[in-house]
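User: I've got a structure to go through with you. Could we take it as a few quick questions?

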Amino acid sequence: MRQIAVATLALAVLSSAYAEDRSKLVFEDKFDRSESQETTEDIGNDWTTNSKNRAGGNKQVDLKDGAMHITMHAAADHAVSVGHAAEFRDGTVELRFMLEDEKDVLGLDIADPACKEVHAGHLFKIDVSSKQVVVDDKKSGAMNMKYYEAKKAKTLTPEQSAFIASKRKTFPNTLETGKWHHLLVKVTGDTVSVSINGKQVASVASEGVAHPTKRLIRLSVPRQAWVDDVKVFASTASVGK
C-alpha cells in the first residue's frame, strides 16, 4: 500500500510539473487595489476602455470590494469594452464573474488589432448570460471586412447573411444571478471550449479561432457585470508553430 501511495504521489507531482511546463502565465489581475479618485476611470494595471470615445468620457468601470464593476453609462452608444494586452496562440482565459440581472451579458472578445482582415481586430467572442452561452467566429463571419463593409452598404446577400449566422453557435445554459461563477475559455488550434464552474458548456471548431496570434482580450458589457481574478495562460506547446 505504501508503494502504491508513493507512486501515486510521484505521478501527481509529475503531472503537475508537466502541466506547468505546458503553460505560461501571460497576464493576471486580482483587482486587489483602490482607485486614486472616484471621478474618472482609474482601473490601473494597463487596462483600457472605450469610455472616452463611446460614452462621452463618463466613468463606466469601478474597482469595488476587490473586483471590477462594469456598468454601461446612459450616454454610451456602444457596449462597454475593457481591454488588456495578452498574447497567445493556444491557451486559456479564466476569470470569475457575476451577473446581477437576467438581462445582463458578459462578453469575452479575443482580438488581434494587427489583423486587417477584420474590423477592430475581432477574432471570436464568447457571450455569457443567465440563459445561454454564444460562441461567435467573427473573423470568418460578421467582422470580416468583406461582410462588415457589405452590411454597412446594405448590400449583404441572403447567402452571406446565412453564412455569418452559421458562424454563431448558441448553447443553452442556466446561471444563477447575484452569485459568482468561474469561466474558463480554452483555445486549442481551431477549437474553443467554454466551461463554467468546472462544467463544459460549449465547444466550437471554426477557422477564425485558429488565427495564429491572439493579442488582446476585451470584456464586453452591454449592461453591467462584475469581474475578478482574470488570468491568461499561453500553451508552451504552441510556441514556434
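User: Let's begin with strands: over how many bridges do β2 and strand β5 pair?

Analyst: β5 covers residues 80-88, and its pairing with β2 is antiparallel. Strands here are DSSP runs of E with at least two residues, and helices are runs of H or I with at least four residues, numbered from the N terminus. Two strands pair if DSSP finds at least two bridges between them. For β2 and β5 the number of bridges is two.

User: And which residue in β5 is the bridge partner of T49?

Analyst: This is a predicted model, where local features need pLDDT of at least 70, side-chain atom pairs count only at pLDDT 80 or more, and totals for chains, interfaces and linings use all residues. Residues are numbered from 1 along each chain as its sequence is written, and side-chain values use heavy atoms, with hydrogens and water left out. Across in β5, T49 has as its bridge partner V82.

User: Which strands stand at the edges of the open sheet of seven strands?

Analyst: The order in that sheet is β2-β5-β14-β7-β8-β9-β10, with antiparallel pairing. Each edge strand has a single partner, so one side of it is left without a neighbour in the sheet. The two edge strands are β2 and β10 (168-172).

User: Which backbone nitrogen does the side chain of N50 reach?

Analyst: N50 lies in the loop between β2 (48-49) and α2 (51-54). At a relative accessible area of 11%, N50 is buried (under 20%; exposed is over 50%, partly exposed in between, with a 1.4 Å probe and protein chains only). N50 and S81 are 31 residues apart in sequence, yet their C-alpha atoms are 5.6 Å apart. A polar contact is a pair of N or O atoms within 3.5 Å (within protein, one able to donate a hydrogen and the other to accept it; residues adjacent in sequence count only if both atoms are side-chain atoms), and at 3.0 Å the N50 side chain reaches the backbone nitrogen of S81.

User: Is D104 buried or exposed?

Analyst: D104 sits in the loop between β6 (91-98) and β7 (105-111). Its side chain reaches the backbone nitrogen of D101 at 2.9 Å and makes a polar contact with the side chain of R223, also at 2.9 Å. Contacts (heavy atoms within 4.5 Å) beyond four places in sequence include V128, S129 and Q224. With a relative accessible area of 0%, D104 is buried.

User: How many aromatic pairs does a search of the whole structure find?

Analyst: Rings of Phe, Tyr and Trp (its six-membered ring) pair if their centres lie within 6.5 Å; planes under 30 degrees apart are stacked, over 60 edge-to-face, and the rest tilted. The search turns up three.

User: Which two helices does the Y147 and F163 pair tie together?

Analyst: The pair is tilted, 5.8 Å centre to centre with 45 degrees between the planes. Y147 is buried at 10%, whereas F163 is partly exposed at 31%. The two residues lie in separate helices, so the pair ties together parts 16 residues apart in sequence: α3 (residues 145-152) and α4 (residues 158-166).

User: Last one: what is the mean pLDDT of the chain?

Analyst: pLDDT is the predictor's confidence in each residue, from 0 to 100. In this chain, 89% of residues reach 70 or more, and the mean is 91.
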